[in-house]
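Here is a short briefing for a reader who is new to this structure. Please keep the sequence and the 3D view at hand while going through the points.

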Amino acid sequence: MIEAIVIGLIAAVAVIAIGAVVVTIWNNRKSQTAGQTKSVRQLSTFGVGSSPFERQSAALSNKSGEVRVGQSGHGSVKKPSDTLRSRFVALGVLAGVIFGSLTVKLYSLQILSSSEYRSDAEDNLYSTVRTPAPRGYICDAQGTPIVKNRTSQTVLADPDVVNDRDVMRRLSVVLGVPAAVVRQRIQDSSTGAQNRRVVMSDARLRDVAFIAEHADAFPGVSVESRSIRDYPYGAMAAHLLGYTGLPSAEQLDVEYEGREIFSNDTVGKSGVESMYDGLLSGDHGQRRVTVDVLGNVLSVVSETQPVKGSDVHLTIDARVQYVADKALADLIAPEGVLGEGQGVGGAVFVMDVTDGSVVALSSYPTFEPEQFTGSIPVDTWDLYTAEIAHAPLNNRVINGLFAAASTYKPFTSIAALDYGFADYKSEWNCKGSWDGFKTGVAQKCWEHSGHGKLNLHEGIVNSCDVVFYEIAKSFFDHGPDGSGEVSETAIQDVLAKYNLDKATGIDLAGESHGRIPTPEWKAEHWRNYPAEAQWRGGDYTNMIIGQGDVLVTPIEIAVAYGAIATGKIVKPHLLKEVRNAAGDVVVTFEPEVIGEPDVNPEYLSFVRTALRGVITDNESTAKNFKKYGLEAAGKSGTAEHVDKGDDAWFVAYAPYENPKYVVSVVIEQGGGGSAVAGPIAARVLSAALDAYNGTSEISPMRLAGYSGKAVEYKTEGSARTD
Amino acid sequence: MPLPQISSIRTPDRSLQGAMNTRRSGGLSLPMPFFAIALLLVTYGLIVCWSATSNDPDYNFTRQLVGVGLGAVCMVFFYRFDYRHFANMTTILLVINVALILSPHLPIIGVEAKGAQSWINIGMQVQPGEFAKVTVVLYAASLLARYGGTLDDAREYAKVVGLLLLPFLCIMTQPDLGTGLVYLFISAVVLVMGGAKPKYLFITLFLCVMAVVAVFALDEVIKNSTGEYKLLKQYQRNRLLVFLDPDANTTAEGYNLAQAKIAIGSGGLFGKGLTMGTQSSMGFLPEAPTDFVFCVLAEELGFFGAMLLIGLYIALVASSIRIARNCDDLFGMLIVCAIVGMWLFQILENIGMCCGLMPITGIPLPFVSYGSSFMLVNFCMLGLIGSVWSHDSSLGRKGGYGS
């Protein structure tokens, strides 16, 4: 600072000195030469006063004449400037102010804040170019990559190219895209107002070369080579893999440990890509370069290479996943047209009951993650969010909430046994309809003709609703509204032991959780409609057969059935291990048992026997499973809706003796559980066991996502065939 | 009261021509310090200009040298020419002015560039508005010289102001506000130095301020009715906004100003050395050799380089004022003052805009900026001042014309 002031003073002195020297030299010179002209000038002054040309302006010459006379009295030289002395002072002051203020300003810029501007100049000159690191692969349990990378040529344009009709027309011709589309893409500011706009991602090399060769004809257009995601199996496992894209504003703002995200990076937006983004993303390469104003790199100062992201190996088996995806597609859209098959959507979830490894996770309708790479075009987004598309982006396994229907019966049976409202020998008589509460409106069994006499085992095997209505009535009669011996949440407590109202904790973001209706919940839910808020007998009978207000996700039911099969609730997981760029395993997933439901083992084995009976004693179901030679246990379910078709459920595990895999299948508006969902459960379960036993002959192929082809789904009349 | 009429001007007596050349015939035929300073300035300017153009193939330093050569010829011509011939040519000067300034509107030679009809193409592109600066100086000085240093008649004053506004009005048809402002400043200096009554000057200043306010107000009204500004162009608004709030602007003008300040500031005390300026040679600085040439100087030669230039300017202005002070002819004095005014304004505006003191306009820096038109003009100005100095003679004045 002191140094700066000194410099300033020196400069000021120097400027003054220059001025002084000039003036002095000038004065000396003048004084030498001026003397000779003096007398002449005096003469002239006199002469002017009497000049014959005086008449030009009487007023003016009079005035000047006066002054001149006055001045000649002093004996000085008569000059026009003498009368205007003050104006010369003003001119001098003006010059002084101008040069003074410029000097002060320059002093403050160049001396006082020079260091800031110097660093600004360096910021201009040097720039750090970050080369994005290729993302790690995502592989299945066998190590087969199901998400890879490839290089793609992207044609980008500056936002202002939209003003240049010629360039847009040329782009349209070269890339074979209609001019209107080119304009629309350049106008699309969804990736940020300042960012270059993607005119064509994955352009043909030939077109890219043409643009590069004729750069003059394409001002503002650039081509970038990018490593983008490659999906060899298309839409397979799309929901669990997720898609990648440019980071959102929030992602850019949040600071991740050890990870820098820049606006043109690729980040996971959903599924595994998002969940394990930190592992997959790798480290940016950095090049510090000098650039000119156009961004041309003039020289490289330093460079570090990008480090590819780690490979994430999943517990998914591509072969099983393929079968699950294919089975759903074949059923729901056999010709690729949504709405022409059975149901409008579906989910299949397969898990290893011993350690929670997810073998397949499938949701339909589905999408191809490749279409979502980079930015999502508006028309694609509209297509996927249309009502007729039935939410292809929704992962029905973890976010689909369905009425559990008869798949609830094993758990409510345990409650019945627990509280003694049923035992192995209890018998009920099903006449096809039931009006235990004497309301006058009979509740029907799905078998309208009635099952006749049956015990609890037969009740589960035949899925007889009347048996469970009777049990529900017992709970009601002994509850607070009756004798008061049991709590009003006696059944719910048993259901809650199986976490049917809790998210399973799978390593995917945004998992939903089911709902077990309780009086408390109902009061809260209907608080504005007190007439509806009361907990009634009908709530018992609805809940006990998994209808009414009951909601579960396919993953919750599967985990709960796993707990019936093994006695333990495991935490489902997708991650098997992580391998770094060198191929070394750096992370291995440790299976996690969340808990063991506190249930009498005797009841558990009774329920298992009953579930085995469901498979063996129902003719069509038995056939479905025998086809694959499966020794499975399971339960069908058909969720009834007032306004749309039934949802078909089937949950099963196998082998019965030594359970390995559990599968849950739900087909939205698909119809009867055993008829529609059962065959898929059998097919997927067998594929999983084949893969486990090493006898699988399936080789996965590319699958298509939702194509936009859809018709209105014709709902069949509600007719349960549990 | 007979008013001075343009037609009543007399020509100098030819028999006295020889007697007029008092200084030219003497041993000292040049105003030495003045021309020494001018020589230094031109040399310094050429060095900076060479550095600024050395990295930019769009500019040709040889052309600048040609401009200097031509300028030297013009200077000698004006120097030897008795400036007093111009005193009676007020009408002719006005006609030349109007013709020059309006010539870009002519169909064949007129060239439109950057939204303004400012150029003509006569084998090479020239800006007649620049050359008109010389004639505007002579025109304004000859107009005021008639009043002999006192202008206190309101009607006369109004007439003079009206006549002085003509070149400005003409150039605004191109439009070229920057050059127009130079004309206005020249006119203002001549008015002040020509002895106009201070009261009138203040009233004029007040009216000018009101006129500017009125333009802005009218523009708002036009915008409200038609939806867009008509009087001031958007870039002019941007420049003004940038000037008022340099940080909050992302337009091209804001970028230019920011880069200019970075160039000047990063120069520091001694600069980065000739041709080593990164801001200019890497192209961050827009229009480096022309409008922003001062930034190149400040970046490459630092505070000392900038002070050297300012010192030379001070010396030039001081010696010019000196000549004016010692001139015993009002017309000659007014010419010198007008030229000094022009230089002052161009220096203030050009350096001022580079460091954020003034709004951005495209006004070149005398003797430094790339561009042969303005170089020629400056040499003509030097020649005129020399002419005033050398033809300063009581005999000449007396015999030539009364004032």
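A:Pro655 is found in the loop between strand S22 (647–654) and strand S23 (661–668) of chain A, where helices (H or I, at least four residues) and strands (E, at least two) are DSSP runs numbered from the N terminus. This is a predicted model, in which local features need pLDDT of at least 70 and side-chain atom pairs count only at pLDDT 80 or more, whereas totals for chains, interfaces and linings use all residues. Residues are numbered from 1 along each chain as its sequence is written, while chains are lettered from A and ligands numbered from 1 in the order in which they are written.

**Cis peptide bonds and positive phi**

- Most residues other than glycine have a negative phi, and most peptide bonds are trans.
- The peptide bond that joins A:Ala654 and A:Pro655 is cis, with omega about -10 degrees.
- Another cis peptide bond joins A:Tyr364 and A:Pro365, with omega about -5 degrees, and A:Pro365 has its place in the loop between strand S12 (358–364) and helix H14 (378–385) of chain A.
- A:Ala237, in the loop between strand S5 (221–230) and helix H9 (238–241) of chain A, has a positive phi near 60 degrees.
- A:Ala237 counts as buried because it has 32 C-beta neighbours inside 10 Å; a residue is buried if 20 or more other C-beta atoms lie within 10 Å of its own, exposed if 12 or fewer, and partly exposed in between, with C-beta atoms placed from the backbone.
- A:Ala391, whose phi is also positive, near 55 degrees, lies in the loop between H14 and helix H15 (396–399) of chain A, and A:Ala391 is partly exposed because 19 other C-beta atoms lie within 10 Å.

**A helix and a strand pair in chain A**

- Helix H13 (residues 318–332) of chain A has 15 residues and reaches 21 Å from its first C-alpha to its last, close to the expected 21 Å, a span defined as 1.5 Å times one less than the number of residues.
- H13(A) is mostly covered, since 13 of its 15 residues are buried.
- Strand S13 (residues 427–430) of chain A has a covered face with A:Trp428 and A:Cys430, and an uncovered face with A:Glu427 and A:Asn429.
- In a regular strand the side chains alternate between the two faces of the sheet.
- Four bridges join S13(A) to strand S16 (residues 452–455) of chain A, and the two run antiparallel; two strands pair if DSSP finds at least two bridges between them.
- A:Asn455 in S16(A) is the bridge partner of A:Glu427.

**Chain B**

- Three strands of chain B form an open sheet in the order S1-S2-S3, with antiparallel pairing.
- The edge strands of this sheet are S1 (110–113) and S3 (124–126) of chain B, each of which pairs on one side only.
- Three bridges join S1(B) to strand S2 (residues 116–122) of chain B, and B:Gly110 has B:Ile120 as its bridge partner in S2(B).
- B:Leu40, in helix H2 (residues 32–54) of chain B, counts as partly exposed because it has 16 C-beta neighbours inside 10 Å.
- The C-alpha atoms of B:Leu40 and B:Leu309 are separated by 9.6 Å, although these residues are 269 residues apart along the chain.

**Confidence**

- Chain A averages a pLDDT of 83, and 85% of the residues score at least 70; pLDDT is the predictor's confidence in each residue, from 0 to 100.
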